[in-house]
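Good morning, colleagues. Please turn to the display.

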Number of protein chains: 2
Amino acid sequence: MSEHRPFSERVRVRRTPHKARYDPAVIRKFIDEAMFCHVGYAIDGQPMVTPTMHWRDGEKIYWHGSSASKMLRTVKDAAVCVTVSHMDGLVLARSGMHHSVNYRSVMVLGRANKVDDAAEKERQLKIFVERLFPGRWDSLRPATAQELKATTVMWTTLSETSAKIRTGPPADDEEDYTFPVWAGEIPLRRTAAEPSPCPRLPQGLEAGADVAGFLAWMKRGG
Amino acid sequence: MSEHRPFSERVRVRRTPHKARYDPAVIRKFIDEAMFCHVGYAIDGQPMVTPTMHWRDGEKIYWHGSSASKMLRTVKDAAVCVTVSHMDGLVLARSGMHHSVNYRSVMVLGRANKVDDAAEKERQLKIFVERLFPGRWDSLRPATAQELKATTVMWTTLSETSAKIRTGPPADDEEDYTFPVWAGEIPLRRTAAEPSPCPRLPQGLEAGADVAGFLAWMKRGG
């Protein structure tokens, strides 16, 4: 029954050779399996949290937005926290206190850097699109220099990260296991519904392998 | 075709009589339709973002955790940002730059307060459980004074909040609508899978109306 044992653990990784051998792979996996993150920063001492999409290239996590974005102008060279969370299930116990959540989360602490080079910016945006929609980038109307200028791409390194995970059934007090209330896990999933074509799409234009690739990624639990 | 028009708007609400008449209802709705939020705070100037569950009682948003939690000890009386986000869909455009996300999000800025009174703490935890699992609280093994002590409940008022929403198809450059690439929206949903009973559940104990209530709430898009 060991696969049913509740498992809750915090993995704190500072990039030392000692831990780097195994923990960073878990952290990269949690990051790559999510589309969205929440970026924390401060404006005049007031914490702010903005949801956005992210991607990873090697040992860096990236996000982007309009160059006019207050968030992106604020975080440049500033301390940020990029949190990626997967809410995997609700855990219902016999007592209120032992109710819990099964989840995987990664917290990346660092300084936000801006990609200045236009070619590198375009390369990163391609990685971003391609990781979700394989083959899509080259089928798009090519980006103009002005569009690239209007887009800000930020990154921070994965050098200071921590991961937390909980899996499994409730962990009740020993004497409570016979208490007559239903207990267990309700798994939660993020799923994609049927794509809805743009009302102005030319007739006969069907979704291609890029969209199919995304839907397959979602089915695998992306 | 007006219902297909892309819609992107920011509603900033300061609790003035003028705006309070309509915007707070939208903000309360976005908060109530989500289970999870991300709490932003700072430790020695380093922004931190922690995912957690939340609930609302009147004009306050609540979250909770172990009294040993570093986050909860840190945020007491400190500035926080509680962000609730619904990622409703990916928007695929004809150019990279016009790709977007359909979403609803609320940012609550405020100071975190701790519920000190034990009776009020228990009342809030009951609201939390009951809003997702109607009828469950009274079927649980009752909370002990020690358990309540070991649980911290925090709140912040909804007096300074902003909401953002985007819905609808891509908004491409006018000359791009005939570009031969699929464009549209891929709706995203959070769904619940089949509940998985605790391996130590006594035989014959079935999930009740509380779990059914939660599954129905999820199906309505919770």
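Leaving aside its neighbours within four places in sequence, which residues is Arg136(B) in contact with? Please note that this is a predicted model. From chain A, the contacts of Arg136(B) are Leu92(A), Ala93(A), His99(A), Val181(A), Trp182(A) and Ala183(A). From chain B, they are Val129(B), Glu130(B) and Asp210(B). Arg136(B) is placed in the loop between α4 (118–132) and α5 (145–149) of chain B. Its relative accessibility is 0%, so Arg136(B) counts as buried. The side chain of Arg136(B) also makes a polar contact, at 2.9 Å, with the side chain of His99(A).

Let me now turn to the interface as a whole. Chain B contributes 83 residues to the contact, and chain A contributes 83 residues. About 7,000 Å² is buried between the two chains, with carbon and sulfur atoms giving 69% of that area. In chain B, the residues that lose the most area to chain A are Arg141(B), Trp182(B) and Arg200(B), together 11% of what that side buries.

As for polar interactions, 29 residue pairs are in polar contact across the interface. There are six salt bridges between chain B and chain A. Arg141(A) forms a salt bridge with Asp176(B), where the closest N and O atoms are 2.8 Å apart. Among the elements of chain B, β11(B) gives the most to the side that touches chain A, with nine residues. By class, that side has 50 nonpolar, 20 polar and 13 charged residues.

Technical notes. Residues are numbered from 1 along each chain as its sequence is written. Chains are lettered from A and ligands numbered from 1 in the order in which they are written. This is a predicted model: local features need pLDDT of at least 70, side-chain atom pairs count only at pLDDT 80 or more; totals for chains, interfaces and linings use all residues. Side-chain values use heavy atoms; hydrogens and water are left out. Helices (H or I, at least four residues) and strands (E, at least two) are DSSP runs, numbered from the N terminus. Buried means under 20% relative accessible area, exposed over 50%, partly exposed in between (1.4 Å probe, protein chains only). A polar contact is a pair of N or O atoms within 3.5 Å; within protein, one must be able to donate a hydrogen and the other to accept it, and residues adjacent in sequence count only if both atoms are side-chain atoms. Contact means heavy atoms within 4.5 Å. Buried area is the accessible area (1.4 Å probe) that two parts lose on being put together, summed over both. A salt bridge is a side-chain nitrogen of Lys or Arg within 4 Å of a carboxyl oxygen of Asp or Glu. Ala, Val, Leu, Ile, Met, Phe, Trp, Tyr, Cys and Pro count as nonpolar, Asp, Glu, Lys and Arg as charged, and the others, Gly among them, as polar.
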